[in-house]
Amino acid sequence: MDMRRLLAIRNYIPFTYKMMIPYLVLVLITDVVIGYVSYSMLVQSRTEVAKTGIRAALDQTRNNVEYRMDEIQGMSDLLFGSLPFQRALQTKGDRLTMYYAMLDEIIPQLEAPLKLIGSPIRIILYTDNEDIWEAGGATLHKPITQSDYFVRKFSMLENSNWFPAFQAAKKDNVWLQADMDTKLGNFSHFRRLVSYTDYMTVIGYVRIIINFDSLLGNLVLDPNERGMVLRVLDTSSGGILYSRGAELEKGGTSDYLSLREAIPDTTYAIEVLVPNEYLKTDAKELQWIIGLICAASFVLMALIGFLVANLSGKKMKRIVSHVRSFQQGDLRQRIDFTGNDEFVLIAHSFNRMASSIQELIQSVYEQGLQKKQAELEALQAQINPHFLYNALSTISSLTNLGEPQKVTEMVKGLAQFYRLTLNEGQVLIPLEKELEQVQAYLGIQKVKHADGFQVYIELDPEIRDVKIIKLLLQPFVENVFKHAWFGETIAIRITAKRDGDRLELKVIDNGIGMKKEQVEKVLRSSIQSNTYGLKNVEDRIKLRYGPQYGVRIASIYGGGTTVQILLPLHTEFYKERTDSEYVGYRA
């Protein structure tokens, strides 16, 4: 990214404005800390008040639950210890006898407790006496709306899903949820009845059921209950026996304040979940007020700071404006301040620096052009020293062999080759002339090898006048004779065509080719060690046209080699910059 584009997208902040930023940040941090402390204290106070109120309600509810559970326990104890009731359960006889047993003992014993408790309950007697018939309410699958009793056969227990596990655990005189209790929100006290004769023989079971709403005394935590949840938990298993209120969100109880009150002499506890949002409801109003005060304070201090910065920053803006022009290449800009402050010193230093840089840029630019030209000439001078030596050696040999005709042809070919190579000192030549130079070289090789090789040249007519660096193709054609020819004959194909906005030149042979490792070695080799001429051509191309152009080699060992040379199509535009094209130069 160049400097102009960088400056265009960068937001400039004057130094005087920056000096105000730490102060504004300090004010903002102070406001935020005060607001946060105030808000935290209010939430903590609100939480303590809510805890106190809810714990008081929970304590009262626990007392109510304990009282009602003691009442039900008393009913159970009364039935368990009643001898007439036990005798009646063990009575056997005809229908009349059993009728009086039911009418005089069993039913009165079941009805009496129902009148002593204020909450609706159900008493179920399960008996294994086949002579006692079933009696009482019609169904057990509806909510409890009034107190009632039921007499059921013991087989009903045996066929239930829960009783076998309960019996195997050898539990007795316990509170639990069975049958439809979970669905209906009920809680049951269950115990077995034993014979008074040995206190071992089981003569039946009694189950007293109460609804949780009745057991909890219709606890109301808040007039709207604002998302609160009331639950009864089994702390031994972690199970939830009863739940009332809002449904818990996916996060579980993590967003709630949990308050518990254990039910004495049991593994059960009453829990109230209070949403954190409920605790923060009253604090939100103060949060808004604190936020508005902080915002107003920050805005006021920002306005004051910007006003002071604007009054004191005019000279700094002027300096920045000149620096921007300087960075964009206008080295003629100078700053003129009067007075004896630090801005005058900065202006004098800037003016001296601008003059020095302008002179240095011009000097470095000229040296760069000279260095680039020297590098191109040095690379150009490295081409074909061995070819010239070999050609002269061949001419000497032909002279000694008495081949004047071949000597003449080789000398003419060598003269034509170097005439095209020198090209009156011009670096760029038309593509057509480059191919003529290759043909001149091939003419020299024809004298040496006669009909031992065939050459095919394909040139797209529309690009014949495109100018390229001279001596790009000849080093690779020479490599065919030096490194690729291993049989009696060899074929060489040279192509030049347009590929989009690029010029593609290829030298293809069916010689011995190279292994992958050899190709990589050639591509990595330096100028001194590269006998294939690749590094010289590659460096000249990249030096003039850029890194996106250059030479590529593809070769199959035993199958030939293809050298691809990529150049820009309009190579005449890739020339050295003139003085007027250099950023910052002024004539």
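Which residue forms a salt bridge with Arg244? Hi everyone, let's begin there. The partner is Asp213, and the closest N and O atoms of the two are 3.3 Å apart. Please keep in mind that this is a predicted model.

Now find the two ends of that pair on the screen. Asp213 sits in helix H8, residues 212–216, while Arg244 belongs to strand E8, residues 239–245. They are 31 residues apart, and the pair links distant parts of the chain. Asp213 has 28% relative accessibility, so it counts as partly exposed.

Next, look at Lys446 and Asp451. Their side chains meet in a salt bridge too, at 3.8 Å from N to O. Lys446 has 35%, so it is partly exposed. Salt bridges can also share partners: Asp59, Arg62 and Glu261 are joined into one network that way.

Stay in that area of the sequence for a moment and find Ala450. Ala450 lies in the loop between helix H15 (431–449) and strand E12 (453–459). What is its phi angle? Phi is near 55 degrees, a positive value in a residue other than glycine. Ala450 has a relative accessible area of 43%, so it is partly exposed.

Asp179 gives us another example. Its phi is near 50 degrees, again positive in a residue that is not glycine. You will find Asp179 in the loop between strand E4 (174–176) and helix H7 (181–184). With a relative accessible area of 45%, Asp179 is partly exposed.

Let's turn to helices. Two packed helices are described by the angle between their axes and the distance between the axes. Here, the axes of helix H3 (residues 83–90) and helix H4 (residues 95–114) come within 9 Å and cross at roughly 130 degrees. The crossing is left-handed.

Is helix H16 mostly covered or mostly open? Helix H16, residues 474–484, is mostly covered, with 9 of its 11 residues buried. Among the buried ones are Phe476, Val477, Val480, Phe481 and Ala484. Gln474, Glu478 and Asn479 are buried there too.

My last stop is on the surface. Ile21, Val25, Ile29, Val33, Tyr36, Val37 and Met41 form a nonpolar patch, and together they have about 660 Å² of accessible area. Val25 lies in helix H2, residues 15–81. At 40% relative accessibility, Val25 counts as partly exposed. An α-helix has 3.6 residues a turn, so residues three or four places apart point the same way.

Definitions and conventions:
Residues numbered from 1 in each chain as written. Predicted model: local features only at pLDDT ≥ 70, side-chain atom pairs only at ≥ 80, totals over all residues. Heavy atoms only, no water. Patch = residues over 30% accessible without salt bridge, like charges linked within 9 Å, V, L, I, M, F, W, Y side chains within 5 Å. Areas by Shrake-Rupley, 256 points an atom, 1.4 Å probe, with all protein chains shown as cover. Salt bridge = Lys/Arg side-chain N within 4 Å of Asp/Glu carboxyl O. Helix = DSSP H or I, 4+ residues; strand = E, 2+ residues; numbered from the N terminus. Buried < 20%, exposed > 50% of the residue type's maximum accessible area, 1.4 Å probe, protein only. Axes fitted to C-alpha atoms, helices over the stretch in contact; angles between N-to-C directions. Left-handed = near helix turned anticlockwise from the far one by under 90°.
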